[in-house]
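Please keep the model in view while reading.

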Amino acid sequence: MQLSALQQALQAYLAGASDRPPAELLEQLQGSAALGAADGLRIYHNAYRARLLAVLREDFPALQQWLGTESFEQLALAYLAAWPPRHFSLRWLGEKLPEFIAGYVAEPQLSPLRELATLEWAFTLAFDAADAEVLSAADMACLPAEDWVSLRSSLAPSVNWLQLQYNTLALWKAAKDGEPLPELIRLPDACSCLVWRHDLLCRYRSLEPDEATALRSFVGGESFSGLCAALLPHHGEQAPLQAAVWLRQWVSDGLLVRLKAGA
Amino acid sequence: MSMRTTLGFGLGLRSEYYQQILEQRPAVDWFEVISENYLVDGGKALYFLDAIKEHYPLVMHGVSLSIGGAHALDLDYLRRLRKLADRVRPQWVSDHLCWSRDSAHQLHDLLPLPFTEESLRHVAERVHVVQDILERPLVLENVSAYLQWKSSCMSESQFLARLSQMTGCELLLDVNNVYVSSRNQGFDPWQFILELPRERIRQIHLAGHSDYGQYLIDTHDAPIADPVWALYGKALSHLGPTATLIERDDHFPPLDELLAELEQARTLADQALSAEPCS
């Protein structure tokens with residue numbers, strides 16, 4: 001058998017569900033007194049699953065706690081069969097898990113399960129997203145008054161903006177703290193939640209609807225003066241103050257990257 | 001005894017120890033980094049990599065090259081590896097003599113090759129390509145194996161020796177892997193080491209394994225076993241001073257325990273190198 005055929009045969013065995021080696025693969029192998037060919041193959045077969053399951057457990061701890069170890073493992077094995085690893089780094093192994101869940105379970109579990117997986121994956125994305133020079137309080141202090149009017153920003157590359165329909169953040173936080181998970185509740189209104197990295201640490205925060213609207217408008221290209229104008233109908237003469245309070249918060253959170261004039 | 005200079009005694013850089021390394025600057029001569037952990041856009045890993053490289057020499061050690069794979073080489077991966085090497089300026093870049101994927105799917109394991117003339121030609125051709133892209137010799141490591149192909153017509157060490165002669169690649173002798181494979185496959189580990197061209201051995205790996213009685217598994221989760229220490233001492237007497245690195249990838253102990261193990265390697269090396277050369 002040629003090199004490519006040998007490798008295909010071993011690959012098919014390792015990625016397959018059964019650890020019973022096919023006869024045509026065994027024929028190509030030489031066992032020893034210490035380790036027979038079939039036992040040697042099973043070591044690789046077990047190691048493949050163990051390694052990948054360990055990565056998924058690490059990336060989706062809250063999902064595992066919610067489902068329980070056994071159901072999580074069933075989900076993970078079904079996922080790996082449908083989406084075997086394609087990237088050279090195991091860091092990307094779980095990328096399609098939220099999407100896979102959509103075809104794996106039915107409602108009413110589907111939506112909250114997928115939402116929790118999406119939230120956990122957002123932390124993985126934020127962890128090693130591109131670095132950026134975010135606007136700092138010191139930058140703002142040096143900003144000449146005339147530049148405030150035209151100040152425009154975008155979100156830092158690590159920011160993931162999620163719309164949560166359930167109390168997923170509370171579930172995630174309880175799992176992280178090693179506490180029993182609270183009852184699943186559907187929120188009266190969808191809630192904006194940001195997951196990002198600042199000073200090397202992953203962070204998260206939910207936003208009230210009016211702050212979410214303001215931030216979306218500001219990072220969508222609106223200038224600071226435009227933001228103040230947009231807040232006028234609701235906030236009246238307090239609009240500039242409210243805009244400044246939010247802007248200070250966003251800067252202190254490390255969410256914003258300044259757009260240069262003309263960008 | 002060879003008079004070549006070596007990097008000395010190093011540890012595998014793992015995130016568990018980042019902060020402590022920067023704060024305490026332990027007496028480690030160099031660190032080896034897993035290349036794939038740093039092929040990312042940003043964040044903590046790259047931050048600590050940049051900080052630690054200011055204080056220690058680094059070596060890049062990859063696990064995804066799949067130099068023996070029948071698939072096409074992943075040129076995107078190689079370009080990113082090259083870019084990382086330009087950033088890190090490592091002493092050398094290593095990976096394993098193995099295959100780990102097909103054209104689409106990754107197995108994330110270090111699978112042994114059949115040691116045939118066909119494999120040798122195939123791997124040699126790919127080593128040339130990799131060395132052209134990296135603009136440096138590739139350093140290749142022997143792996144722990146739990147299977148052997150009937151079609152092999154030479155040993156892994158003979159294969160590595162010929163590969164090195166054909167391509168100019170250098171070798172990373174993993175003493176623990178030699179021991180694990182020798183127990184699993186019933187060959188003489190000392191013969192394996194003797195078959196390698198000693199002038200091509202750039203580095204040595206040491207690590208712990210798990211003993212299942214009949215066979216061993218290379219788990220990197222325990223202290224180095226006594227027979228591996230013994231083989232290391234004998235290997236050093238034969239090779240002369242050689243950069244030595246201890247790997248730990250699970251059940252991470254306090255850093256001090258790894259430093260003590262590194263000290264044990266230094267002591268053993270002193271003894272081995274002051275004794276009569278072994279051949």
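The sections below describe a predicted model, moving from the separate chains to the place where they meet.

## Overall form of the two chains

Chain A holds 13 helices and six strands. Its radius of gyration is 25 Å, well over the 18 Å that the globule rule gives for 263 residues, so chain A is more spread out than a compact globule. Taken along the principal axes, the box filled by the C-alpha atoms of chain A is roughly 85 × 40 × 30 Å.

Chain B, by its own count, has nine helices and 13 strands. Along the principal axes, the C-alpha atoms of chain B occupy a box of roughly 50 × 45 × 40 Å.

## The open sheet of chain A

In chain A, three strands form an open sheet in the order β3-β4-β5, and their pairing is antiparallel. The edges of this sheet are β3 (160–166) and β5 (201–207) of chain A, each of which pairs on one side only. Direction ignored, neighbouring strands of the sheet are turned by 25° against each other on average.

Six bridges connect β3(A) with strand β4 (residues 186–198) of chain A in the antiparallel sense, and within this pairing Tyr166(A) has Arg186(A) in β4(A) as its bridge partner. Helix α7 (residues 110–127) of chain A packs on the sheet, where it touches β3, β4 and β5 of chain A, and the direction of this helix makes about 160° with that of β3(A).

## The barrel of chain B

Eight strands of chain B close into a barrel with parallel pairing, in the order β1-β2-β3-β4-β7-β9-β10-β13. From one strand to the next, the twist averages 30°.

Strand β9 (residues 170–174) of chain B and strand β10 (residues 201–206) of chain B run parallel and are joined by four bridges. Asp174(B) finds its bridge partner in His205(B) of β10(B).

## Two packed helices in chain B

Two packed helices are described by the angle between their axes and the distance between the axes. For α6(B) and helix α8 (residues 226–239) of chain B, the angle is about 120° and the axes lie 9 Å apart, which means that α6(B) is oblique to α8(B). The crossing of α6(B) past α8(B) is right-handed.

On the α6(B) side, Val175(B), Asn176(B), Val178(B) and Tyr179(B) take part, and they meet Pro227(B), Val228(B), Leu231(B), Tyr232(B) and Ala235(B) of α8(B). Sorted by class, this contact has eight nonpolar residues, one polar residue and no charged residues.

## Where the chains meet

The contact between the chains draws 39 residues from chain B and 39 residues from chain A. On the side of chain B that touches chain A, the elements giving two or more residues are α2 (44–53), β6 (106–111), α4 (117–134), β8 (148–149) and α6 (175–185) of chain B, and the largest share, five residues, comes from β6(B). This side of chain B divides into 16 nonpolar, 14 polar and nine charged residues.

Strand pairing also links the chains: strand β1 (residues 29–30) of chain A runs antiparallel to β8(B), and two bridges join them. In this pairing, Gln30(A) stands opposite Gln148(B) of β8(B).

Notes
Residues are numbered from 1 along each chain as its sequence is written. Chains are lettered from A and ligands numbered from 1 in the order in which they are written. This is a predicted model: local features need pLDDT of at least 70, side-chain atom pairs count only at pLDDT 80 or more; totals for chains, interfaces and linings use all residues. Two residues are in contact if their C-beta atoms, placed from the backbone, lie within 7 Å. Ala, Val, Leu, Ile, Met, Phe, Trp, Tyr, Cys and Pro count as nonpolar, Asp, Glu, Lys and Arg as charged, and the others, Gly among them, as polar. Two strands pair if DSSP finds at least two bridges between them. Axes are lines fitted to C-alpha atoms, for helices over the stretch in contact, and angles run from 0 to 180 degrees between N-to-C directions. Angles under 35 degrees count as roughly parallel, over 145 as roughly antiparallel, 65 to 115 as roughly perpendicular and the rest as oblique. A crossing is left-handed if the near helix is turned anticlockwise from the far one by less than a right angle, and right-handed if clockwise. The radius of gyration is taken over C-alpha atoms; the globule rule is 2.2 Å times the number of residues to the power 0.38.
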